[in-house]
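Hi,

Here is the structure I promised to pass on. Have a look at it first, and then read my notes below.

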Amino acid sequence: MINFDEKTNRFNVNSLKWDVNSNELPMWVADMDFRSPVEVEEALIKRVNQGCYGYNIIPDSWKDSIINWWNKRHNFKMEKDWLMFSTGVVPSISSIVRKLTSPAEKVVLLTPVYNIFFNSIYNNGRYIYECPLKYENYEYQIDFDMLEEALSDPQTSMLIFCNPHNPIGKIWSFEELKKIGELCYKYNVLVVSDEIHCDITRPNLEYIPFQSVSKECRENSIVCISPTKTFNIAGLQSSAISVVNPLIRHKVYRGINTDEIAEPNSFAITAVEAAYKCEYWVDELREYIYENRRIFKEYLEKELPMIHLIEGDATYLLWVDIKNITNDSKEFCNFLRKETGLYITPGDEYGKSGRGFVRINIATQRENIYDALTRLKNGINKFLNK
Ligand SMILES: Cc1ncc(COP(=O)(O)O)c(C=O)c1O
């Protein structure tokens, strides 16, 4: 049994998440407070001890480790030719936007969605076409009429899609993926499917790889994957891009090489290959995270019925409806941080439809979960009585 309760000290190591005051509890950016598998640690130490850190190649064994993982965990056989290394999902997406769309074209997002997608579009001089998900009875669905309208706009050339979806934690169904694939194919809109959260799902529930669904999905997509969320190795900067269609693949290849994001540092390959041998670790991690989610849900239902946790089957991110308290998520999060030290993310960072929501990262020790719940309750009481 892995001891995920073990406290880790993340102060004084330049952690983005933990660069906070000592009384603060950060539960915002998506990295975990757990130690990576011991196998990853040992492989890295061995590599460090080798003592030379020059330029690196991408060995075939890196592709094998990814192919084996997808085959075993996600029941999907990828081919070696499809895969390219890159230094991260965000750098890949930005590069793909630059190479496969033109300035002033429109890129569709199903919102609320991972905030950095907006930057990848906007910073490259393309338009964001926000297509809000339908929200009814605390559940989200794709509004396919609205999506079709967005895709049929002659200026639209790309959809950036999140599967499973950050921040709402939804695993998209086979039918939904198929329909997206068909619509995008029909309107010649290229799909970029970000599948970085695919391994952290409710125990015994798996996501569906976009490229496994249909010919349309396979031939008209670029899929970004990475073990960095799963094994808490985001700082090692490593991801893979899978492209089945050789013409699109060549363009992506040219893009990531022009942008100089196609070469690994001295630790990326070592860590990824070691991590993808640790299936048992992910199984235990999922149990731990979903127990955190259960505890959170139960507490909110009992102690804070005015806020509502959206049911989710993926990611370690909770998406919480706080509209009964306020629509101003920013003001609420600032107040909460100032008054209680609990640092979470306002929902409007993920698009206009995220107003009135907050995102909470629960990939942390159980002790912190209980601490966060107490802080949240105190913060809400103070906020309501201010
Ligand atoms: C959906 C999604 N994509 C990409 C990233 C970041 O990927 P990378 O660190 O590989 O750039 C995150 C991190 O939170 C994410 O949630």
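A word on terms before the helices: axes are lines fitted to C-alpha atoms, for helices over the stretch in contact, and angles run from 0 to 180 degrees between N-to-C directions. Helices (H or I, at least four residues) and strands (E, at least two) are DSSP runs, numbered from the N terminus. Keep in mind that this is a predicted model, so local features need pLDDT of at least 70 and side-chain atom pairs count only at pLDDT 80 or more, while totals for chains, interfaces and linings use all residues. Residues are numbered from 1 along each chain as its sequence is written.

First, the overall layout. The protein splits into domain 1 (25-36 + 279-384) and domain 2 (43-275); the bounds come from an automatic or database domain assignment. Between the C-alpha centres of domain 1 and domain 2 there are 25 Å. Where they meet, 28 residues of domain 1 are in contact with 30 residues of domain 2 (contact means that the C-beta atoms of two residues, placed from the backbone, lie within 7 Å). On the domain 1 side that touches domain 2, helix H11 (279-303) and strand E12 (317-321) each supply at least two residues, and H11 gives the most, with five residues. By class, that side of domain 1 has twelve nonpolar, eight polar and eight charged residues. Here Ala, Val, Leu, Ile, Met, Phe, Trp, Tyr, Cys and Pro count as nonpolar, Asp, Glu, Lys and Arg as charged, and the others, Gly among them, as polar.

Now the helix pair. Helix H2 (residues 60-74) packs with helix H10 (residues 268-275) at an angle of about 35 degrees, and their axes are 9 Å apart. Sorted by class, the contact of H2 with H10 has three nonpolar, two polar and one charged residues.

Next up is helix H5 (residues 144-152), whose buried residues are Leu147, Ala150 and Leu151. Seen down the axis of H5, these fall within an arc of 95 degrees, so they line one face of the helix. (The arc is that of the directions from the helix axis to the C-beta atoms. A residue is buried if 20 or more other C-beta atoms lie within 10 Å of its own, exposed if 12 or fewer, and partly exposed in between; C-beta atoms are placed from the backbone.) As a reminder, an α-helix has 3.6 residues a turn, so residues three or four places apart point the same way. On the face of H5 turned away from its buried side you'll find the exposed residues Asp145 and Ser152. The cover over the buried residues of H5 includes strand E3 (106-111), strand E4 (127-132), E7 and H6.

The loop between strand E7 (156-162) and helix H6 (174-186) is worth a look, and Ile171 sits there. Ile171 is buried, because 20 other C-beta atoms lie within 10 Å. Leaving out residues up to four places away in sequence, Ile171 touches Pro164, Thr201, Leu205, Tyr207, Asp313 and Ala314. Ile171 and Ala314 are 143 residues apart in sequence, yet 6.3 Å apart in space, C-alpha to C-alpha. Pro164 is also in the loop between E7 and H6, and a cis peptide bond joins Asn163 to Pro164, with omega about -5 degrees.

There is a cis peptide bond between Thr111 and Pro112 too, with omega about 5 degrees. Pro112 is in the loop between E3 and helix H4 (116-122). Most residues other than glycine have a negative phi, and most peptide bonds are trans.

Which residues other than glycine have a positive phi? Asn75 is one of them, with phi near 55 degrees. Asn75 is in the loop between H2 and strand E2 (83-86) and counts as exposed, because it has 11 C-beta neighbours inside 10 Å. Tyr138 is another, with phi near 65 degrees, in the loop between strand E5 (134-136) and strand E6 (139-141). Tyr138 touches His308, Ile310 and Asp321, not counting residues up to four places away in sequence.

Cheers
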